[in-house]
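Trainee: I'm new to this one. Could you walk me through it?

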Amino acid sequence: MRGRLLARRQLAQGWRYRVALPPYRNVGGEGLKVEAAQYEVWVRAPEHVRPVEDADYTGVPTTALPAPSLVEVALGPRRPAGWVLAKSGGGRRGPSRAVLHAVDCTEAPPGLPVLRVEQALTAAEHPANRACALCGAAAELDPLLRGFDPHDEEPGASP
């Protein structure tokens, strides 16, 4: 089916094209009367559409993602915010233990509720819990628990 390209929009998941399709509709009345109509829909490209050969698309309104800022280019993509607490073991012989992971850690089980920073700090302070070193949860939360001063006092130095 051929349609008319009305607009195109770039999203993080890929391009979406707004196309007008030319179906027909019943107009009622005596006998079977139909008339041309236009149905507009957003579709994924290139999965659901392909360009018509020799067609000119330069006048189609196009909304592309904004160019990344210099900060985004230098630092790379940001990781999602939040942490998850994965229970592990425990039972009859001792307290249940848990591991605190960054929300995007590959070692974290899927479907766990996302913790806010206050909840993550409370969980990190619990003696039976530990923060995952693989995903950086420990590196992210330790400065908040212990302070940001990277310089330790030298032994024997007076305050």
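Trainee: In which loop is Leu115 found?
Mentor: A word on the model before we start: it is predicted, so local features need pLDDT of at least 70, side-chain atom pairs count only at pLDDT 80 or more, and totals for chains, interfaces and linings use all residues. Residues are numbered from 1 along each chain as its sequence is written, and side-chain values use heavy atoms, with hydrogens and water left out. Helices (H or I, at least four residues) and strands (E, at least two) are DSSP runs, numbered from the N terminus. Leu115 lies in the loop between strand 8 (97-102) and helix 2 (117-125).

Trainee: Is Leu115 buried or exposed?
Mentor: Buried means under 20% relative accessible area, exposed over 50%, and partly exposed in between (1.4 Å probe, protein chains only). Leu115 has a relative accessible area of 15%, so the term for Leu115 is buried.

Trainee: Which residues does Leu115 touch, not counting residues up to four places away in sequence?
Mentor: Contact means heavy atoms within 4.5 Å. With that cut-off, Leu115 touches Gly82, Trp83, Val84, Leu85, Leu100 and Ala120.

Trainee: Which residues of the largest nonpolar core touch the most other members?
Mentor: A nonpolar core is a set of buried Ala, Val, Leu, Ile, Met, Phe, Trp, Tyr and Cys residues joined through side-chain atoms within 4.5 Å. The largest has 15 residues. Those touching the most other members are Trp83, Leu100, Cys105, Ala120, Cys132, Cys135 and Leu141.

Trainee: Which residue forms a salt bridge with Arg18?
Mentor: A salt bridge is a side-chain nitrogen of Lys or Arg within 4 Å of a carboxyl oxygen of Asp or Glu. For Arg18, the closest N and O atoms are 2.2 Å apart, and the partner is Glu40.

Trainee: How many residues apart are Arg18 and Glu40?
Mentor: Arg18 sits in strand 2 and Glu40 in strand 5. The pair links distant parts of the chain, and the separation is 22 residues.
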